[in-house]
Amino acid sequence: MTQRTALVTGGTGGIGTAIVRYLAKQGHKVVTNYRDEAKAQAWHKAMTQEGIDITMVQGDVVEPVSCENMIQAIHKKLGPVEILVNNAGITRDTTFHKMTYQQWMDVVNTNLNACFNVTRPVIEDMRTRKWGRIVQISSINGLKGQYGQANYAAAKAGMHGFTISLAQENARFGITVNTVSPGYVATDMVMAVPEEVREKIIAQIPVGRLGTPEEIAHAVVFLTTDETSWITGTNLKINGGQYMGW
Ligand code: NDP
């Protein structure tokens, strides 16, 4: 297996940590961004205690200049980014008639515009080197919509539009671009939902439980291998059977 440089945005979060761990176990040089120094140090210490060596670079995915600096810093330390997982994301849930401009913008900026900010500075190197793997972490709710999540569903659906266009533009350059759309996974984001709402969600999942971050990470690693060079522009739904549509 070829060792690659892999950037996972939001690698310190619930799903991100599992992706980082799985990519590192493949032998890749894994890097993630941080915003809060103290939080980053605590996370990094825990990973080091597990025997996992992760490089951390400061970067805010909503700031284009911050992203350019982040990619340059990675380039200096580890070489060009060969695997990119656009995973950083937030929710700001409320019904649309109560939604503020700020709630709309924060979610669209962090989930969707970040894909531009982070991918734009890495794509030229991937094209020159004729190899790349890009994975967007979208959501089941970008496929089926969700009450109280017009901002999030719009941004997550947009991520897949980004995927299928980028996949077409870069297919001839050995670059695959895919989306992974998780259903409800037991991370802080979902555990913050009131318990009675969570129980209702679980009742809609044929498998009968929330997903685990590891189940998402496993799929992401799969899409970053050499052997998946013919899988591009796909949207891999991992949701315990909750939504089986497009
Ligand atoms: P978490 O809230 O656990 O982690 C989110 C991560 O994103 C954190 O590392 C956070 O860093 C980072 N982040 C947020 N904003 C920024 C920013 N502006 N710049 C840089 N990093 C940022 O979320 P999950 O692990 O649950 O979710 C990961 C992805 O999976 C998201 O895109 C989410 O939408 C998607 N998803 C999650 C599902 C779930 O059930 N959990 C279901 C479907 C999709 P910081 O600590 O600095 O805030």
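Predicted model: local features only at pLDDT ≥ 70, side-chain atom pairs only at ≥ 80, totals over all residues.
Sorted by class, the contact of α4 with α6 has 10 nonpolar residues, five polar ones and two charged ones. As for the geometry, α4 and helix α6, which covers residues 150-170, pack at an angle of about 15°, and their axes are 8 Å apart. Angles under 35 degrees count as roughly parallel, and α4 and α6 are therefore roughly parallel to each other. The crossing of these two helices is right-handed.

Staying with α4, let me turn to its other partner on my list, helix α3, residues 64-78, which packs with α4 at an angle of about 40°, with the axes 8 Å apart. Because of that angle, α3 and α4 are oblique to each other, and α3 passes α4 in a right-handed crossing. From α3 the contact takes P64, C67, E68 and I71, while α4 contributes N117, V118, P121 and V122. The residues of this contact of α3 with α4 divide into six nonpolar, one polar and one charged.

Now to the sheet, which is open and is formed by seven strands in the order β3-β2-β1-β4-β5-β6-β7, with parallel pairing. Its edge strands are β3, at 54-58, and β7, at 235-238, each of which pairs on one side only. From one strand to the next, the twist averages 20°.

Helix α2, residues 37-49, lies across β2 and β3 and runs at about 170° to β3. Helix α9, for its part, lies across β4, β5, β6 and β7, and runs at about 165° to β6.

The α1 residues involved are G14, I15, T17, A18, I19, R21, Y22 and L23, and in α9 they meet P213, E214, I216, A217, H218, V220 and V221. By class, the contact of α1 with α9 divides into 10 nonpolar residues, three polar and two charged.

I will finish with the ligand. How many residues surround the ligand, and which are the closest? There are 29 of them, and the closest are G10, G13, I15, G89 and T187. The elements that give two or more residues to this shell are α1, at 14-25, α4, at 101-129, and α7, at 188-191. I15, among the closest residues to the ligand, is also one of the α1 residues that meet α9, and α4, which packs with α6, is one of the elements that give two or more residues to the shell. In composition, the shell residues divide into 11 nonpolar, 13 polar and five charged.

Definitions and conventions
Residues numbered from 1 in each chain as written. Near = placed C-beta within 6 Å. Helix = DSSP H or I, 4+ residues; strand = E, 2+ residues; numbered from the N terminus. Nonpolar A, V, L, I, M, F, W, Y, C, P; charged D, E, K, R; others polar. Contact = placed C-beta atoms within 7 Å. Pairing = 2+ DSSP bridges. Axes fitted to C-alpha atoms, helices over the stretch in contact; angles between N-to-C directions. Parallel < 35°, antiparallel > 145°, perpendicular 65-115°, else oblique. Left-handed = near helix turned anticlockwise from the far one by under 90°.
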